[in-house]
Amino acid sequence: MKDLIIIGAGPAGLTAAIYGMRAGIDLIVLEKFSPGGQVINTYEVENYPGFADPVPGWDLVSAMENQARRLGAEFATAEVASVVKDEWDNAFTVTLADGGPLRAKTVIAASGASLRKIGVPGEDHFFGRGVSYCATCDGAFYKDRVTAVIGGGDTALEEAHFLTRFSSKVYLIHRRNEFRGMKILQERVLSSEKIVPVLESIPVSINGESKVESISVSNVRTGDKTTISVDGVFVFIGYTPNASYIPPTLLNKNGEVVVDMQMRTAVRGLFAAGDIRSESKRQIVMACADGATAALNAYEEIVG
Ligand code: NAP
C-alpha cells in the first residue's frame, strides 16, 4: 500500500511528487507516455517565473522531472483504467489498463488534457501527412511552404507565430472576428507579414491526394466557401481533460474534475491538479501550484 499515487507526470504531477518526497511520504508517479506533459511540445516558455529569457518547454519540464528523481520519486509507465475508493479500508484501488491493481491511501489525478480535433473530412486521413497538432515537432517540415493554423486562443496565436520561422505564409483561420488569445500575442501575430488572418471562418474539409494540398473553409456569416492552397494544417482549438478513469459523478459538464481550492474532489483522499481540474487557467505555474497544494493536503490526510 502506497501513501500516494500520482497519475500523470506533467508540471502538476511532477510538483506533487517533489512536495510529496520532501514530506517523506511513499509515493509513485504513473505516466502513460514519457514524463513532461503538454509542455514538451512548447518550443519556448516565456511566462514561467525565474527565467529572464524564454526557456525551452522540454528543458523546463526535464528540470522538474530531474528534481523529483533526485528526491527519490518512483516512476512507472502505466495507463490508469479506474480509480475506486474501497469502503472496507477507505483506501483506493487504482486499476491499470494492462496490469494488476495498485493500492494507496490517497490519489492525485494530474493527467492533464489532450488537444481537441476539428472533426472535418480529411483531418484523420492526413494526420502525419500534413495535419499536425504540434508546431514544435513538425514546423521545420514546412520550410518555405504555406501552412494554416486553426484556432484563435493563446495556443493558436503562439504556434502561428512560431511557424513563421519556417513557413513562407501562415493562414490563421478563426471562427470569430476577434481572437480569444492575449493582447501581446495578438499584436505579435497581427504585425507579422507572414501571417494572414482568415476570420469568421470554419474549416469544412482538408483536401489532397497523398498529402495535404488545400483546406476548404466556410464563412460563418455568408456561408461562402473558399479553398486555400496549403501544405500543412495545424489544429489548436482547445483541450479535452484526460479524465476517463475518474467516476463521472466527479466531473462537470466540460469533463473536468470538480475540486475546491485545496484541490479536493468530493471523494475524501482523491485530489485533482492541473489542466484536468475545473476552472483551471491552464498555465504551467498554476499547474505546479495545484500539484503542491494537492500534495500538501494528501500529506495531511495520510498523517491524519
Ligand atoms: P482556448 O483558449 O480554449 O481557445 C480555443 C480556440 O479555438 C478559441 O479561439 C475557439 O474559438 C477555437 N475553437 C474551439 N472549438 C473550435 C471548433 N470546433 N472549430 C473552430 N475553432 C474552434 O484553447 P488554447 O488556445 O489551447 O488555450 C487553452 C488554455 O491554455 C487557455 O487558458 C490559455 O490561456 C492557456 N495557454 C496559455 C499560454 C501562455 O500563457 N503562454 C499558451 C497556450 C495556452 P472561440 O474563441 O470562438 O471560442
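What is the hand of the disulfide of Cys134 and Cys137, given the torsion about the S-S bond? The torsion is about 75°, so this disulfide is right-handed. The views below show a predicted model, in which local features need pLDDT of at least 70 and side-chain atom pairs count only at pLDDT 80 or more, whereas totals for chains, interfaces and linings use all residues. Residues are numbered from 1 along each chain as its sequence is written, and side-chain values use heavy atoms, with hydrogens and water left out.

**View 1. The disulfide of Cys134 and Cys137.** The sulfur atoms of Cys134 and Cys137 lie 2.0 Å apart, which meets the criterion for a disulfide (a pair of cysteine sulfur atoms within 2.5 Å), and by this rule the count comes to one disulfide. Cys134 has a relative accessibility of 8% and therefore counts as buried, while Cys137, with a relative accessible area of 43%, is partly exposed; here buried means under 20% relative accessible area, exposed over 50% and partly exposed in between, with a 1.4 Å probe and protein chains only.

View 2. Cys288 counts as buried, at 8% relative accessibility.

**View 3. Packing of helix α4 against helix α5.** Helix α4 (residues 154-163) packs with helix α5 (residues 183-190) at an angle of about 35°, and their axes are 9 Å apart; helices (H or I, at least four residues) and strands (E, at least two) are DSSP runs, numbered from the N terminus. Axes are lines fitted to C-alpha atoms, for helices over the stretch in contact, and angles run from 0 to 180 degrees between N-to-C directions. The contact (heavy atoms within 4.5 Å) is made by Asp154, Leu157, Glu158 and His161 of α4 together with Leu185, Gln186, Arg188 and Val189 of α5.

**View 4. The buried residues of α4 and their cover.** Ala156, Leu157, Glu159, Ala160, Phe162 and Leu163 are the buried residues of α4. Among the elements that cover these residues are α3 (135-138), β9, β10, α5, β11 (195-198) and β15 (232-235).

**View 5. Strand β10 beside strand β9.** Strand β9 (residues 146-150) runs parallel to β10 and is joined to it by five bridges, where pairing requires that DSSP finds at least two bridges between two strands. Ala148 has Tyr171 as its bridge partner in β10. Four of the five residues of β10 (residues 169-173) are buried, so this strand is largely enclosed by the rest of the structure.
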